[in-house]
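Welcome! Please take a look at the structure below, and then let us walk through it together.

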Amino acid sequence: RLLPVYTNLLRLFYAFLLETPELVGTAREQVQSFLRSEADRHKEACPSLGDLLHLVPVAGVSWPELCPDYFLESLDRQVLFVVSKDPKLDSSVPNAQVDALRAQKTYKYTAVGRNMLVTSLL
């Protein structure tokens with residue numbers, strides 16, 4: 001049910017870009033900055049990885065070009081997000097119970113990000 005809504009919003013976004021071509025340059029610069037500089041991958045410079053994903057098709061960048069940097073930044077953010085949701089998971093000492101719980105909670109807490117990634121790759 002969400003796919004048609006997503007597709008329609010994406011069409012609207014592309015139509016808006018056709019009417020406002022200067023935004024294509026802005027999108028291209030944001031994606032290129034993300035790729036060029038580690039500092040520009042941090043949350044302060046790129047608050048939403050999901051928003052960045054929507055700029056990729058209009059920025060002239062392919063998924064294989066973006067993937068390594070996107071994936072590493074996504075993992076860094078996941079760690080911070082999961083620990084903020086459940087501070088007891090903030091442990092670097094090996095513990096089978098905590099490790100199993102961390103895996104479960106990470107899967108649960110990152111569902112929205114995974115869904116955004118999958119839909120943006122369609």
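A residue is called buried when its relative accessible area is under 20%, exposed when that area is over 50%, and partly exposed in between. With that in hand, keep in mind that what you see is a predicted model.

**The overall picture**

Of the 122 residues, 25% count as buried. If we take the contacts between residues at least 6 apart in sequence, 60% of them join residues at least 24 apart.

Thr119 and Tyr6 are 113 residues apart along the chain, yet 8.0 Å separates their C-alpha atoms. Thr119 belongs to helix 6.

**Helix 4**

Helix 4 spans residues 63-85, and it has a kink of about 30° centred on Asp69. Which of its residues are buried? They are Leu66, Tyr70, Glu73, Ser74, Arg77 and Val82. These buried residues pack against helix 2 (22-36), helix 3, helix 5 (96-109) and helix 6.

Arg77 deserves a visit of its own. This arginine is found in helix 4 and counts as buried because its relative accessibility is 12%, under the 20% cut-off. Leaving aside residues up to four places away in sequence, Arg77 touches Arg41, His42, Lys43, Cys46, Pro47, Ser48 and Leu49.

**The largest pocket**

Rolling a probe the size of a water molecule over the atoms shows where empty space is left. In this model, the largest pocket holds about 660 Å³ of space. Its lining is made of 25 residues, and Leu49, Ser74, Arg77, Gln78 and Gly113 lie nearest the centre. By type, the lining divides into 13 nonpolar, seven polar and five charged residues.

Where does the lining come from? Helix 3 (49-55), helix 4 (63-85) and helix 6 (111-120) each supply at least two residues. Helix 4 gives the largest share, with twelve residues.

**The cysteines**

How many disulfides does the whole structure contain? A search finds zero. Cys46 is in no disulfide, and the nearest cysteine sulfur, that of Cys67, is 15 Å away.

| Residue | Relative accessible area | Class |
|---|---|---|
| Cys46 | Cys46: 8% | Cys46: buried |
| Arg77 | Arg77: 12% | Arg77: buried |
| Thr119 | Thr119: 25% | Thr119: partly exposed |
| Cys67 | Cys67: 28% | Cys67: partly exposed |

Cys46, with a relative accessible area of 8%, is therefore buried, whereas Cys67, at 28%, counts as partly exposed.

Note on methods
Residues numbered from 1 in each chain as written. Predicted model: local features only at pLDDT ≥ 70, side-chain atom pairs only at ≥ 80, totals over all residues. Heavy atoms only, no water. 1 Å grid on protein atoms, 1.4 Å probe; cavity = no way out; pocket = protein on both sides within 12 Å on 5 of 7 lines; lining within 4 Å. Points joined across faces, edges and corners; volume = space filled by probe spheres on them. Helix = DSSP H or I, 4+ residues; strand = E, 2+ residues; numbered from the N terminus. Nonpolar A, V, L, I, M, F, W, Y, C, P; charged D, E, K, R; others polar. Bend = angle between axes of the 7 residues up to and from the residue. Buried < 20%, exposed > 50% of the residue type's maximum accessible area, 1.4 Å probe, protein only. Contact = heavy atoms within 4.5 Å. Disulfide = S-S within 2.5 Å.
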